[in-house]
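Subject: Structure handover

Hello,

Please find the structure below, with my notes after it.

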Amino acid sequence: MRSSLAPGIWLLRAFSRDSWYRGLILLLTFLIYTCYHMSRKPISIVKSQLHRNCTGLEKPNNDSNSTTWCDWAPFDQDNYKELLGGVDDAFLIAYAVGMFFSGIFGERLPLRYYLFAGMLLSGIFTSLFGLGYYWNIHQLWYYVLVQVFSGLAQTTGWPSVVTCVGNWFGKGKRGFIMGVWNSHTSVGNILGSLIAGIWVDSAWGLSFIVPGIVIAVMGLISFFFLIEYPEDVDCTPPQHHNGPAEDLGTSVDCPERESGTEGAACSKVSDEKPEAISFLGALRIPGVVEFSLCLLFAKLVSYTFLFWLPLYIVNVAHFGPKEAGDLSTLFDVGGIIGGILAGIISDYTNGRATTCCVMLIVAAPMLFLYNSVGQNGIGSSVVMLIICGSLVNGPYSLITTAVSADLGTHKSLRGNAKALSTVAAIIDGTGSIGAALGPLLAGLISPTGWNNVFYMLISADVLACLFLSRLVFKEIQAWRGCVNRNRGSCLALTHPR
């Protein structure tokens, strides 16, 4: 049937069909991970309700002399900050540890089944936290245990969606596409805040139960409509490596090239079913270790802002809690801008490591300036927050999306994309260690002064940049080699070796 169509018409139809499916996958994975982040957000909104200032509130029992009658035990103690911090750490540590194993399971299971199970479990454990309100549970171990299992269930999301997007989109415009796509993080945080805020004052249990139901329903939708590979619906698979990029590195084609058996050998390789890569095998992929360690410190900075920025604005700029919360969202707005810019620049130059390193270098003095002059007025706060958010979250976004997909389809794998899930899990799992450490260190250092917290963040930015120095050197070498050979501009670089 295809042969009866003019080549131009057939190409137009194929392009339209492929584009439609790619748009569907991009939208579906965007909504999937939006739901993951939406279900994580309620705890930060409900914290203020678990321990409140009971002064001035009308007591339901006039005979009670307690000053904490309106608090929710066990968070009615003087050490409630430590208890709430422990609940946060239970989730973050479980997430960081589980992420290293999640990608291994994700490679060996169909993504539809894996995502459906993960989203269903995430919905159950998110709802169980809220059901503690209706079941009148006041034991700390219950909320910690629910958060541990919730953190483990949440690890199913990121490796799966990155793998699926990487299967559908080639390397050409991957940075830009994933930069836009990665805004699901901020959209999920906003939706989670709005939904949780509806019931936080009246029945905070619903602040968890409703997002839990939403993510479970989205899991069911993904089970029926998610398509893992373009070949499953007869679409054209993306080209992960092309042109000069392949010429710059050591050839990984067929070792039998000189013996005249190249064609048979290559045919044999292509016919073999790819096997899932091991954890150590994924670590051997060039660039995985460096980007993982870089993300550890980049995510440390990002999550410190996520958990502590509103309190910093209240203490330093003397805004009210609501105004501080609204102002802190500008950091996420900057993150969206930074993620898109990082993707565009790295696509144009094909220098992922160099793009990240430059943004991290510029971020260090910007963090110092924000702490020094950023609170002198509302105008300076807005500008500095957007700039800092762009520079801090830009590399974080690029590494967790385009870089993970690049390394998971690295040319050394000879077309075996089964490594993508494990690579994404290793990179994000290592970064999640930093996500757990950052807020913890900020809590320990902040009593000595906010200046010391920012010195810690600046040091983390510098360390993140240093871990990329070898890859940046390789990219610069590749640039120079291209220019010298072609006597002109060369924007296609080899992958890190």
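An α-helix has 3.6 residues a turn, so residues three or four places apart point the same way. Please keep in mind throughout that this is a predicted model.

The count of salt bridges comes to 4. Two others are described here.

Glu-290 forms a salt bridge with Arg-470, and their closest N and O atoms are 2.6 Å apart. This pair links distant parts of the chain, with Glu-290 in helix α13 (residues 288–317) and Arg-470 in helix α19 (residues 469–486), 180 residues apart. Glu-290 is buried, at a relative accessible area of 15%, whereas Arg-470 counts as partly exposed at 34% relative accessibility.

Helix α13 also holds Lys-299, whose partner Asp-428 lies in helix α17 (residues 420–445), so this pair ties together parts that are 129 residues apart in sequence. The two side chains meet in a salt bridge at 2.9 Å, N to O. Lys-299 and Asp-428 are both buried.

Next, helix α5. Does its length between end C-alpha atoms agree or disagree with the expected span? Helix α5 covers residues 140–154, and at 1.5 Å a residue its 15 residues should span 21 Å; the end C-alpha atoms are 21 Å apart, so the two agree. The buried residues of α5 are Tyr-142, Tyr-143, Val-146, Gln-147, Ser-150, Gly-151, Ala-153 and Gln-154. These residues cover an arc of only 165° around the axis, which puts them on the same side of α5.

- Ser-102 is in helix α3 (residues 80–108). With a relative accessible area of 2%, Ser-102 is buried. Leaving out residues up to four places away in sequence, Ser-102 touches Tyr-114, Thr-155, Thr-156 and Pro-159.
- Val-161 is in helix α6 (residues 157–168). Its relative accessible area is 0%, so Val-161 is buried. With the same exclusion of residues up to four places away in sequence, Val-161 touches Thr-29, Ile-32, Tyr-33 and Trp-181. Val-161 and Leu-26 are 135 residues apart in sequence, while their C-alpha atoms are 9.3 Å apart in space.

Last, the surface. Which residues make the nonpolar surface patch of about 540 Å²? They are Phe-176, Val-180, Val-333, Ile-337, Leu-341, Ile-344 and Ile-345. The elements that give two or more residues to this patch are α7 (174–181) and α14 (321–349). Helix α14 gives the most, with 5 residues. Phe-176 is found in helix α7 and counts as partly exposed, at 36% relative accessibility.

Regards

Terms used
Residues numbered from 1 in each chain as written. Predicted model: local features only at pLDDT ≥ 70, side-chain atom pairs only at ≥ 80, totals over all residues. Heavy atoms only, no water. Helix = DSSP H or I, 4+ residues; strand = E, 2+ residues; numbered from the N terminus. Expected span 1.5 Å × (residues − 1). Buried < 20%, exposed > 50% of the residue type's maximum accessible area, 1.4 Å probe, protein only. Arc of directions from axis to C-beta. Contact = heavy atoms within 4.5 Å. Patch = residues over 30% accessible without salt bridge, like charges linked within 9 Å, V, L, I, M, F, W, Y side chains within 5 Å. Areas by Shrake-Rupley, 256 points an atom, 1.4 Å probe, with all protein chains shown as cover.
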